[in-house]
Every structure is written in C-alpha cells, then in structure tokens.
Amino acid sequence: MYFRTDTGSFRWLDKILVKVDHGADAAFEGKLYKTMANYMKNANIEIEHLASKRTDANYFALVPMIILAIVSTFLVINVALGLFGVLWYNINKRRGEIGLRRAIGATGGAVSAQLVSESMILATLALIIGTFFAAQFPLLNVFDLPAIVYIEGILISVLFVYLLVLICSLYPGKQAAAIYPAVALHEE
C-alpha cells in the first residue's frame, strides 16, 4: 500500500510506504486509515495500492515511447520513399548513359552495382557530416549520459542508415540493369 500525507505538522513526512501481508483486505485498510487519521489530525490521508501506482507510472512511460516509435516509423518510411524517388529519377535521367554502358558490354549486375555503390558513397559523405555533429553530444555531455551510450547510438544509427540506403538502392539498381541498350539509345 502507498500512503500520501499532506500535513502542516509533519512537513518532513510526505509519503509512507507500508508493506502488508498478501491477505490484507479492505477491513484492514479501514482500520489503518482510522489509525492514521487519529494520529495525524490535520493530515489529508489517501490510501493507494502500489500495483495501481505502478500501472499508472508504466502507462505514462509507455505512451511517449509509442508516440515516438510511430513518428520515427513514418519518418523512416518518408526517407525511404524519398530515396526511391531520387534513385528512380536518377535512372531515368541517365538512361542514355546506362544504355551506352550496356551496349559496350557492361553486364546488368555491373550497372546495378555502380548505382548501389554511388548511393552508398553519397550516404557515406552524409554520414560523415552527421557523425561529426552527433559526436558533439558525448563531448559536451549534453544529457548527462555516459559516452558509451552516445557511441553505441551513433554506431547503430550509421548501420541503420547504410542498411536503409542499401535496401532502397537495390530495386532501382535492378531496374537500371533491366534497361535494354537499343531502347535506351533509341530514346536518346
């Protein structure tokens, strides 16, 4: 059980936590309330069960995490769609180049690997800049967390970005590998 007292005569006493047997019932609660009320006349006595307090505390800790997970998921989906769009546009703009490469003997795998590697190189350049700014957090001790927490977060983020870029560039790379040289050069 959990007791909270608001009293003028016991300013040092804010909360009392009492452990009772598992078999304690409402009758015991009533006796305890009367005893506390008799000893602390000016107090506002409120009896709450610790299980309900724990449920409330867990609820208030869980809701922000769920909201942040939903927002983060939408942001990742938005970034993935943006990557698909940029790579698709890049392939359509470079159809002549891709067709010419295919016409002089480049395999579809080589064309796909080129586009995937270009995407990974651009991601590396962006990650260098992002990591520079993220490294400021452990150096400045922004949230009073150990430096290892920041380092692990940065490493996981870098791996996640590389994985996202790889996944998002594989399908457009496959599309580029399927371009026929004659069709691409005819359009050009």
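What follows covers the ground rules, the salt bridges, one serine and the cavity.

## Ground rules

This is a predicted model, so local features need pLDDT of at least 70 and side-chain atom pairs count only at pLDDT 80 or more, while totals for chains, interfaces and linings use all residues. Residues are numbered from 1 along each chain as its sequence is written, and side-chain values use heavy atoms, with hydrogens and water left out.

## Salt bridges

Side chains of opposite charge can pair when their charged atoms come close. Here a salt bridge means a side-chain nitrogen of Lys or Arg within 4 Å of a carboxyl oxygen of Asp or Glu. By that rule, the count is three.

Let's start with Lys53, which forms a salt bridge with Glu48, the closest N and O atoms being 3.6 Å apart. For exposure, buried is under 20% relative accessible area, exposed is over 50%, and partly exposed is in between (1.4 Å probe, protein chains only). Lys53 is partly exposed at 29%, whereas Glu48 is buried at 19%.

Arg94 forms a salt bridge with Glu97 at 2.9 Å, N to O, and another with Glu118 at 2.7 Å, N to O. Arg94 sits in the loop between helix H2 (50–93) and helix H3 (95–103), and Glu118 is in helix H4 (residues 108–134), so the pair ties together parts that are 24 residues apart in sequence. Shared partners join Arg94, Glu97 and Glu118 into one network. Helices here are DSSP runs (H or I, at least four residues), numbered from the N terminus.

How accessible are the members? Arg94 is buried, at 16% relative accessibility. Glu97 is partly exposed at 37%, and Glu118 is partly exposed at 26%.

## Ser112

Ser112 is also worth a look: this residue is in helix H4 and is buried, at 16% relative accessibility. Setting aside neighbours within four places in sequence, Ser112 is in contact (heavy atoms within 4.5 Å) with Gly173, Lys174 and Ala177.

## The cavity

A cavity is a set of points on a 1 Å grid over the protein atoms alone where a 1.4 Å probe fits but cannot get out, and lining residues have an atom within 4 Å of a point. Grid points are joined across faces, edges and corners, and a volume is the space filled by probe spheres set on the points. The whole structure has one cavity of 30 Å³ or more, and the largest cavity holds about 40 Å³.

Which helices supply its lining? H2, H4 and helix H6 (147–177) each give at least two residues to the lining of the largest cavity. Among the lining residues are Leu87, Ile91, Leu115, Ser119 and Gly173.

How values were computed: On a 1 Å grid over the protein atoms alone, a cavity is a set of points where a 1.4 Å probe fits but cannot get out, and a pocket is an open set with protein on both sides within 12 Å along at least five of seven lines; lining residues have an atom within 4 Å of a point.
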